[in-house]
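Hi there,

As promised, here is the structure we talked about. Have a look at it first, and then read on for what turned up.

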Amino acid sequence: MKCSTKWYLERWQIMTLIRRAEEAVAEMVEKAEVGCPCHLCVGQEAVAAGVCAALTPEDTVWGGHRSHGHYLAKGGPLEGLFAEILGKATGCAGGRGGSMHLVAKEQGILGTVPIVAGTVSLAVGAALAYKMRGEKNVAVAFFGDGTLEEGHVHESMNLAALYRLPVIFVCENNLYSSHMHWKLRRVADNLHKAGEFHSVPGFRLDGNDVGAVYEATRKAVKRAHAQAGPTLLECRTFRWRGHVGASYDLDVGVKRRGELTGWMTQDPIRRVADYLIDHGVADLAAREQAIARQIDRAMQAARQAPAPSPTRLGQFVYAAAAGANAETAGANQADGSNGAIPSAHRQAALAEVLCAN
Amino acid sequence: MRQLSYAQAIREAHAQLLESDPRVLVLGQGLWSPWYAGSSLENLDRDFGKDRILDSPVSENAVTGMAIGAALAGMRPIVFHPRMDFMLLAVDPIINQAANWSYLFAGKVTVPLVIRAVINRGGEQGAQHSQALHAMFMHVPGLKVVMPSTPYDAKGLLMAALEDPNPVLYIDDRWLYAETGGVPAEAYTVPLGKAAVRRTGADITLIGTSWMAAESLRAAALLEQEGIDAEVIDLRTLKPWDRETVAASVRKTGLAVVADSGWRTAGAAAEIAAEISELAFQELRAPVGRVTLPDVPAPTSREEEKAYYPVAADIAAAAWMALEWDAQRQAVPVPNVTGNRKQRAARTA
């Protein structure tokens, strides 16, 4: 471990925030307070924390369905996350997206989507924009191991290499694609080599070692800044919870108790905590309590926030042209309705047409 | 006014956009070769550099996703699909991503993107080089769809599509590339969502899209010879389409035929016909006629192609059917119906 104690303490803070926030979400899922599908990254926090530590606020990250960690590690506001998961108007996506659609433009989180590999080519396109404008930013595509089984990821890697774009492909290999272990999906355990054919150098990392993830990302950022092109990082890790929801998968037919127990001894947060304690940090318990209070406050605020108004149902289907009033953007529907209550509006429009004769 | 071909007008719009806005880039297959795009992109790489005119590998899906990502990061890309059929490999980024992002992120991120697709019908190219799939995209909230039929609109709609803060599917038709018309030299836009009344008339409304708008005008000339005064509307934008102009015309004439270059079932013509029946039910005196492709994939052989693609006479025949329907209800004889039906029967035999 080459980084300073202070650096590790900051990573511990972020990883603990992600862990505790997701445990709070898990509780809400168990109590059916949350309806939208929640995919938790408990056990994988070091990947998000390590990668984002090497990025500037202007660098962008792009994620998938399991992106609470990416969002928080890049600096996305906690209350915006909880409110989004609860479908509230104050959510980071106005309650439109839920757990799988997170955004925080100011923090460089341009969007997460659950279509597997859905944002990989988008990250490449953002990198193209940075290159064309001569900016020093990099784009990071976070995705799981199942994503490398999608064809257009390979198109994306080829294009990124061909145009030498400042993009980093971060594969969080948690060994499972939904309920499917990698051995049921692939012949060889070689995801870090997925870019070889496209001249994208790949590295296999211990994804539960936040320092190692950071160092590898820093090198990839340097390579991007040198206009040498993309890098693929395979971060080996394990998600403790199931593919979706709060369970540990043990109750839905996936037999992996032994594997899970083994990986729990590799807890990425515990590893950093042990290091910090060894280096004389004595107040982790107090810090953990402060994080718990922060989570309670954000959760409270999210719970009390208003739901989006059904009268705005059609708002933002289309972006308003520059200069148009954003408040009236809801009327910017393709069918000329405001989308509020479609059938009623339809009737009214029809009545108006009939009266006009 | 200065005359340009449809293809030259598209080329000029690209050049003026690239000239005036450094955020504009063009990305896709065949940009450095006349083989794919005719003269519609000729020498843009020479004039604006291969860094802004990126002729891409055959990776429709990722290239379209890249264009979306570049748009989200502040650029104004035009992504080019030289055959609409090839664009089917990019339906996922177009529908799942481009169309949805503004809505599902509550307007916090938007996708100002032009997706240009070419309908390349006929010429014995068969079922995977000829498809007109605009109706599929018209179905999707969050997308806009334009189909210019004149050189003037080809330029003005492309410039408007690029200005628009949303993903706009710009569909041009290779059959139109050699058509000439007046095109101003300066930059201008044709507003999205506004139809053009190409010919005013009192007896029946013909509504056409793209190539079929041009055919509708020829059909109106055929009808005129028989004493029928047809109004012709070129829809220009299919989403959002101009309900007001269409409804006002049909309220006036009481009869309508929709001519579209796509298939019949769940096609653009079906949508327009259904809407007309709601908006102008009181005035409508006959069912709205539809002239479309049959529900059959594009054939390859020249002889089968002739039977496959509808032309002006088919639109005129559909107009006569509406007129006949109206006349039968009013028990007033319509002149020359028999002759036209004979012609039609001869054509389809």
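B:Ile10 is found in helix α1 (residues 6–20) of chain B, where helices (H or I, at least four residues) and strands (E, at least two) are DSSP runs numbered from the N terminus. Please keep in mind that this is a predicted model, in which local features need pLDDT of at least 70 and side-chain atom pairs count only at pLDDT 80 or more, while totals for chains, interfaces and linings use all residues. Residues are numbered from 1 along each chain as its sequence is written, and chains are lettered from A and ligands numbered from 1 in the order in which they are written.

Is B:Ile10 buried or exposed? With 28 other C-beta atoms within 10 Å, B:Ile10 is buried (buried means 20 or more other C-beta atoms within 10 Å of a residue's own, exposed 12 or fewer, and partly exposed in between, with C-beta atoms placed from the backbone). Leaving out residues up to four places away in sequence, B:Ile10 touches B:Ser40, B:Ala154, B:Lys155, B:Leu158 and B:Asp172; two residues are in contact if their C-beta atoms, placed from the backbone, lie within 7 Å.

Chain B has an open sheet of seven strands in the order β3-β2-β4-β5-β7-β6-β12, with mixed pairing; two strands pair if DSSP finds at least two bridges between them. Its edge strands, each pairing on one side only, are β3 (53–55) and β12 (237–239) of chain B. From one strand to the next, the twist averages 20°; axes are lines fitted to C-alpha atoms, for helices over the stretch in contact, and angles run from 0 to 180 degrees between N-to-C directions. Helix α8 (residues 151–163) of chain B packs on this sheet and touches β2 (24–28), β4, β5, β6 (144–146) and β7 of chain B, its direction making about 160° with that of β7(B).

Strand β5 (residues 113–119) of chain B deserves a look. Seven of its seven residues are buried, so the strand is largely enclosed by the rest of the structure. B:Leu113, B:Ile115, B:Ala117 and B:Ile119 point one way from β5(B), and B:Val114, B:Arg116 and B:Val118 the other way. In a regular strand the side chains alternate between the two faces of the sheet.

What does β5(B) pair with? With strand β4 (residues 76–81) of chain B it pairs in the parallel sense over four bridges, and there B:Ala117 is the bridge partner of B:His81. With strand β7 (residues 167–173) of chain B, β5(B) also pairs in the parallel sense, over seven bridges. Here B:Ala117 stands opposite B:Ile171, and B:Ile119 stands opposite B:Asp173.

**Chain A**

Chain A comes to eleven helices and eight strands, and buried residues make up 52% of its 357 residues. Its domain assignment, which is automatic or from a database, gives domain 1 (5–304) and domain 2 (312–355). The centres of these two domains, taken over C-alpha atoms, are separated by 37 Å.

Six strands of chain A form an open sheet in the order β2-β1-β3-β4-β8-β7, and the pairing is parallel. β2 and β7 (202–206) of chain A are the edge strands. Within the sheet, strand β3 (residues 139–144) and strand β4 (residues 167–173) of chain A pair over six bridges, with A:Phe143 opposite A:Cys171 in β4(A). α5(A) lies across β1 (60–63), β2, β3 and β4 of chain A, running at about 170° to β3(A).

**Where the chains meet, and the core**

41 residues of chain A are in contact with 44 residues of chain B. The largest share of the chain A side, ten residues, comes from α5(A). By class, that side has 25 nonpolar, twelve polar and four charged residues (Ala, Val, Leu, Ile, Met, Phe, Trp, Tyr, Cys and Pro count as nonpolar, Asp, Glu, Lys and Arg as charged, and the others, Gly among them, as polar).

The largest nonpolar core has 216 residues, and A:Val140 and B:Ala319 have the most contacts inside it; such a core is a set of buried Ala, Val, Leu, Ile, Met, Phe, Trp, Tyr and Cys residues joined through C-beta atoms within 7 Å. Helix α5 (residues 120–133) of chain A gives the largest share of this core, ten residues.

Best wishes
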